[in-house]
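Subject: Structure handover

Hello,

Here is the structure for your files. My notes on what was found in it follow below.

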Amino acid sequence: MSTVTVQPTGITPADVLAVARGDARVVLAPAAVDAMAASRHIVDGIEAAGRPVYGVSTGFGALANTFVTPQRRAELQHALIRSHAAGIGAPMPREVVRAMMLLRVRSLALGRSGVRPLVAQALVDLLNADVTPWVPEHGSLGASGDLAPLAHCALALLGEGWVLGPGGERVDAADALRDAGLTPVALAAKEGLALINGTDGMLGMLLLAIADARHLFAMADVTAALAIEAMLGSERPFLPELHTIRPHPGQAASAANIHRLLQDSRVMDSHRDDLAHAVQDAYSMRCAPQVAGAARDTLDFVATVADRELVSVVDNPVVLPDGRVESTGNFHGAPLGFAADYLAIAAAEVGAIAERRVDRLLDVTRNRDLPAFLSPDAGVNSGLMIAQYTAAGIVAENRRLAAPASVDSLPTSGMQEDHVSMGWAGAKKLRTVLDNLTSLLAVELLAAVRGLQLRAPLTPSPAGRAALDALGPAAGAPGPDVFLAPVLESARSVLAGPDLRAAIERAVGPLR
């Protein structure tokens, strides 16, 4: 098991993935402990001076002008966590909650939140003990960050609320902490607010989505190339000189991938010099790099936003090294909400153009001499007809999900929080779009494999052979109809996993 060390300078996207998906162990660097202790010293001084400071000696949100006496400030922090843990709905996936918890540790470790080091260590202890709070899917507006989801995480630190059981069931946090040998935390002034004020939930989902999108956009080049090969398409639109004259980097990378994947193919050789062959392929074939490449460029922008957020102080108020405690708006999720919406649009279009290639592959009037619906005995058999229906339905859903969440602000907290980001909702639906994209590319993979099988005895490209080897056992040979859902599930597993790409890269070199 790897170890992620949280420094006062932050963490990396790879660190988040290692903890969220790889169960890496987490430790606090001594420098992070020192940074937190220094900022806590400033908060202790404010407490001793009796100055009214938001979140330290006042209420929250619309109650910011309500003074709280020193005797009740610890009670204030506990009441904050309980009242803000007001989510509802199904629990968020374990990987999302673990990412969110690590990112909250990161935020505290920057030394601008005024918490004692033991609070950050308590979150670390939950991660290392595999105690995952039960965080309902609804509750965050991306206003003061992800208040409700983070409050559900913080509630577990108090030995209250719920955590996820081994089978995903709901378990009392008090029992889970006791079984893990952990002690509930008693919060001091400012600490409850510091545990819940930030963009950690939406950032965690965005980082996970970025990793998934990188894989899927590369695999979209693979499935496009296989479909083009099966349809006897041309490789000429993917020549590098045609993409240097429109220098979008994502487009050039996607075109280079597709061109490389189409080499060393007897299927491609069979029509390369055929003068009767189509002069131009359809847009869904010829423009594959333009669409997938634009998505790649979008992804690069989104990754830049996420990288900036990983080194950002997003708490409120923040404790500055010179002793000031200032209110900020850095918790507002607009940068992440916009980025999530943008990437959802791009991913939806990558899936939409893939479905158009599937439709061409199945259409006897357009698929260049392949049988209707890729069935050798169409009529009695329907082949992949309904697989395309499924893909069309998913494309329609992705179009609905691509509508931006970030333009849908609703005011809250007595008009104190009168413009919110909806970044949590944007990031959550982005993950659904990418899950749907996985299914769409799986349908294209299956259709392309079936098309290449039907081109026998011509042998396909190395990428085509790798795809036939990976999916052939589940797909079987072209023939009578079979129960198709398990085949599609196998195609989805092959598409989502690392093995097919690894096999292709062993044969043709690294994909961009």
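A crossing of two helices is called right-handed if the near helix is turned clockwise from the far one by less than a right angle, and left-handed if it is turned anticlockwise. That term comes up for two helix pairs below.

First, the overall picture. Please keep in mind that this is a predicted model. The chain has 512 residues, of which 55% are buried. It contains 20 helices and eight strands. Along the principal axes, the C-alpha atoms fill a box of roughly 90 × 50 × 40 Å.

Helix pairs

Two packed helices are described by the angle between their axes and the distance between the axes.

Helix H11 (residues 249–261) packs with helix H14 (residues 288–310) at an angle of about 130°, and the axes are 7 Å apart. On the H11 side, the residues in contact are Pro 249, Gly 250, Gln 251, Ala 253, Ser 254, Ala 255, Asn 257 and Ile 258. They meet Ala 288, Pro 289, Gln 290, Ala 292, Gly 293, Arg 296 and Asp 297 in H14. Sorted by class, this contact has seven nonpolar, six polar and two charged residues.

The other pair is helix H4 (residues 94–109) and helix H9 (residues 200–230), whose axes come within 8 Å and cross at roughly 120°. H4 and H9 are therefore oblique to each other as well, and H4 passes H9 in a right-handed crossing. From H4, the contact takes in Glu 95, Val 96, Ala 99, Met 100, Leu 103, Arg 104 and Ser 107. Their partners in H9 are Asp 200, Gly 201, Leu 203, Gly 204, Met 205, Leu 207 and Leu 208. By class, eight residues of the contact between H4 and H9 are nonpolar, three are polar and three are charged.

His 84

His 84 lies in helix H3 (residues 73–84). With a relative accessible area of 25%, His 84 is partly exposed. Leaving aside residues up to four places away in sequence, His 84 touches Leu 147, Ala 148, Ala 151 and Ile 196. The side chains of His 84 and Ser 83 are joined by a polar contact of 3.0 Å. Val 115 is 31 residues from His 84 in sequence, and their C-alpha atoms are 19 Å apart.

Backbone points

Most residues other than glycine have a negative phi, and most peptide bonds are trans.

- Asn 316 and Pro 317 are joined by a cis peptide bond, with omega about -5°. Pro 317 sits in the loop between H14 and strand S7 (318–319).
- The peptide bond from Ala 456 to Pro 457 is cis, with omega near 15°. Pro 457 is in the loop between helix H17 (423–454) and helix H18 (462–475).
- Asp 369 is not a glycine, yet its phi is positive, near 80°. It is in the loop between helix H15 (334–362) and helix H16 (385–401) and is exposed, with a relative accessible area of 75%.
- Phe 373 has a positive phi of about 55°, although it is not a glycine. It is in the loop between H15 and H16 and is partly exposed, at 29% relative accessible area.

Regards

How values were computed
Residues numbered from 1 in each chain as written. Predicted model: local features only at pLDDT ≥ 70, side-chain atom pairs only at ≥ 80, totals over all residues. Heavy atoms only, no water. Axes fitted to C-alpha atoms, helices over the stretch in contact; angles between N-to-C directions. Helix = DSSP H or I, 4+ residues; strand = E, 2+ residues; numbered from the N terminus. Parallel < 35°, antiparallel > 145°, perpendicular 65-115°, else oblique. Contact = heavy atoms within 4.5 Å. Nonpolar A, V, L, I, M, F, W, Y, C, P; charged D, E, K, R; others polar. Buried < 20%, exposed > 50% of the residue type's maximum accessible area, 1.4 Å probe, protein only. Polar contact = N/O pair within 3.5 Å; in protein donor to acceptor, adjacent residues only side chain to side chain.
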